Amino acid sequence: MLDIETINKKYLDLIGSAESTEKLDNIRLEAIGKKGEVTLLMRSLGNMEHQERLHVSPLLNNLKKNIEEALLARKENLKEEEIKLSMNNEWLDLSQDSREINKGSIHPVSRVTEEIISIFADLGFSVAEGPQIESDWYNFDALNIPPDHPARQEFDTFYVDGGKQIKEGSVPNVLRTHTSPVQIRFMEENGVPCKIIAPGRVFRSDYDLTHTPMFHQVEGLAIGEKISMANLKWVLVEFCKAFFELEDLDLRFRASHFPFTEPSAEVDIRCSWSDNKLVIGKGDDWLEILGSGMVHPKVLEAAGVDSEKYQGFAFGMGIDRLAMLKYGIPDLRSFFENDLRWLEHYSFSPESSPNLYDKLSG
Ligand code: PHE
């Protein structure tokens, strides 16, 4: 006689203790799969006597139903357990502080360059650029500094191996000592009239508290038919007032000499020293901030411009120096040492961009 009760108990126990849906599936195959124990028993019904079959058939049906129900119930159970387990493991604490994001910041040189560009843009100047490795022609000759000119020796020029010839007799062989060669390049390519500034790196072999072998200048150039020294003066006064954020800043134009401008002037701003700290705009001292002048006719001619018809002004100033003055940074060398503590102190948030109108309205 078949012990259906025992079979029933065996499978219900197995199902009850199955620990995963995978194990549960194996039990299902073993019991009611195609070749499962219960399935085979049901198949054997055909060989039974009529009476016996009447008796056993409902028992086997019942057994199968029991097993199916138990399998389903356990499956639900296991699913719930699996969800609980993953909820415990993948628990997310929404009250926790988020991880700190390290933001980059804007170096004072970049910041001041942006400030300068935004002020001159407001005065109608656009931005031009030139190469950092120049030829003698663009860095010196075209700017009215011939090889025997004493000014050539005054620059502490870095020479490099000559590259490909860029103009007849002109090979890139110096790291530009100023941004003035951009004057020539711009006029050659775009002609005149023009109103541009040209910020960028320049190089001189010099190193102390106020000199580094690489530093930054911004060149200015305005050429037209009627541009005069008065225009130069107005532009520079407006620039300095906006840059230093002082409405009544005094400027002094002092006669000077550059081979590429005639007449030439150096510009000083009024300042004083109190407790070893520089105060800009007040006092009896003067601080030189830039060189300027009316572009020499020879420079215009070298750039292919008719010097009988056109004239204009040019100026050049040190961006790093302007940054030191405006933000009270004492040592130029520290600009290029990339000391994180220095950068954190003197650099600017990327979210704050210079806004000319905010400043001037204050
Ligand atoms: N190039 C000059 C310098 O480096 C500055 C300058 C530019 C002077 C333009 C006059 C006109 O010192």
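The chain of this predicted model is divided into domain 1, residues 4-88, and domain 2, which is made up of residues 108-133, 174-346 and 354-361. These bounds come from an automatic or database domain assignment. The C-alpha centres of domain 1 and domain 2 lie 90 Å apart. Residues are numbered from 1 along each chain as its sequence is written, and side-chain values use heavy atoms, with hydrogens and water left out. As the model is predicted, local features need pLDDT of at least 70 and side-chain atom pairs count only at pLDDT 80 or more, while totals for chains, interfaces and linings use all residues.

Charged groups are described next. Salt bridges were defined by a side-chain nitrogen of Lys or Arg within 4 Å of a carboxyl oxygen of Asp or Glu, and a search of the whole structure finds 18 of them. One of these pairs K10 with E37, with 2.9 Å between the closest N and O atoms. This pair links distant parts of the chain, 27 residues apart: K10 belongs to helix α1 (residues 4-17) and E37 to helix α3 (residues 37-43). Helices (H or I, at least four residues) and strands (E, at least two) are DSSP runs, numbered from the N terminus.

E76, E80, E81 and E82 form a negative surface patch, and E80 lies in helix α4, residues 50-89. Patch members have over 30% relative accessible area and no salt bridge; like charges are joined within 9 Å, and nonpolar side chains (Val, Leu, Ile, Met, Phe, Trp, Tyr) within 5 Å. Accessible areas come from the Shrake-Rupley method with a 1.4 Å probe, and for residues only the protein chains shown count as cover. Lys and Arg count as positive and Asp and Glu as negative, without His and the chain ends; each charge is placed at NZ of Lys, CZ of Arg, CG of Asp or CD of Glu.

Strand β7 (residues 261-274) runs antiparallel to strand β6 (residues 251-258), and seven bridges join the two. Pairing requires that DSSP finds at least two bridges between two strands. β6 and β7 are connected as a hairpin through two residues, and F258 has T261 in β7 as its bridge partner. β7 also pairs with strand β8 (residues 277-280), in the antiparallel sense, over four bridges. In this pairing, S272 is the bridge partner of V279 in β8, and W273 stands opposite L278. A hairpin with two residues between the strands is formed by β7 and β8, and D275 in its turn has a positive phi of about 50°.

Backbone features include a cis peptide bond between E262 and P263, with omega of about -5°; P263 is placed in strand β7. A cis peptide bond also joins V192 and P193, where omega is about 0°. P193 is found in the loop between α8 (181-190) and β4 (194-203). N144, a residue other than glycine, has a positive phi near 65° and lies in the loop between α6 (136-139) and α7 (150-154).
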